[in-house]
Amino acid sequence: MESDTRRGTPETQAHGRPVAGVDARTRPARRRRGRVPAVLAAAAACLLAFPGAVPNTFGRLGSLLETFLPWLGLVVPVLLVVARARRSAVVLLVLLPVACLWLGRYGGAPAAGGAPAYDITVVQHNVSDENSDPEGTVRTLRDARPQLIALQELTPAALPAYRAALAPGHPHHAVHGTVGLWSAYPLRDVRPLDIRPPGFGADWNRGLRATAVTPYGEVAVLVAHLPSVRIGPTGLRSGPRDAGAALLGGAIAAEPAGRVIVLGDLNGTVEDRGLAPVTDRLGPAPATLAFSWPAALPLARIDQVLARTATVVGISTLPRTGSDHLPVAARIRM
């Protein structure tokens, strides 16, 4: 007797088509397979919308999240692949607000009529105390044609090279400790800016204040380098940085000049609540993915240009120098 191998199982018809009840049974399984990615997408949306809801009580987890907040956008392409593989419409629907929130925060919006108008360009750069090419670094900075240049981690050995290289286009300068300001405009009222956290020695000098006399009026320029933060098994250690930010914020609040520009390596992003004493007293920075650190694989922008009674209309990074930071150039409308 010859067997008929084409009959198949009881769940299939003679022509190989599934019976009606099989699809109905598989739908709940597909929905279950989409639950985890849907929950992950919903969590990403909540974190993008309300990062401040994550507490800073243990390991500064809130600040850690805010430091790398733009990277939450990576869940969109990853979960899109998952949603396609699992044929989950629910995941696609939940991903829509994630994409919208990310684009709203970091996507930027083109200005009507082209790039926004600006009056001056400034450059902020932590040049690194291990930078062996001051002259090459200066060439990169000058290519942006800035009127103001703020530098951090200046060493006594490298300072003469920076002075000589910057002098032709920026004859006015001020240096205090390891920070400096070079200007195409005259500087006056130059003085140290005390942002030294409690417990730091008297030789810790990382701030200065000067008045730049520009064609658009006088502007107070504050140059700062806040203490470093550390990421370890217990989370983010940012106590000294936060204390320095509080002192810098107090100096901004007490600054009598109406127009203020802050340039510095603040060792934090503008989203990080640890910098709130500073950022709350200044205008918002443009939403941008111009990451400045580490230079080899930039993950965050911790080099900041912020202003009061002036508007930072654009921020970008410059090519890599001999530093572990990328230079940051900003256009400012006075």
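1. Which residues does S63 touch, not counting residues up to four places away in sequence? The contacts of S63 (heavy atoms within 4.5 Å) are with N56, L236, D272, R273 and G274. S63 lies in helix 3, residues 61-67, helices being DSSP runs of H or I of at least four residues and strands runs of E of at least two, numbered from the N terminus.

2. This is a predicted model, in which local features need pLDDT of at least 70 and side-chain atom pairs count only at pLDDT 80 or more, while totals for chains, interfaces and linings use all residues. Residues are numbered from 1 along each chain as its sequence is written, and side-chain values use heavy atoms, with hydrogens and water left out.

3. S63 has 0% relative accessibility and therefore counts as buried (under 20% relative accessible area, with exposed over 50% and partly exposed in between, for a 1.4 Å probe and protein chains only). Its side chain is joined to that of D272 by a polar contact of 2.7 Å (a pair of N or O atoms within 3.5 Å; within protein, one must be able to donate a hydrogen and the other to accept it, and residues adjacent in sequence count only if both atoms are side-chain atoms).

4. Six strands form an open sheet of mixed pairing in the order 3-4-2-1-13-12, where pairing requires at least two DSSP bridges between two strands. Strand 3 (172-176) and strand 12 (311-317) are the edge strands, each pairing on one side only.

5. Strand 2 (residues 148-152) is antiparallel to strand 4 (residues 179-183), with which it pairs over five bridges; Q152 stands opposite V179 of strand 4.
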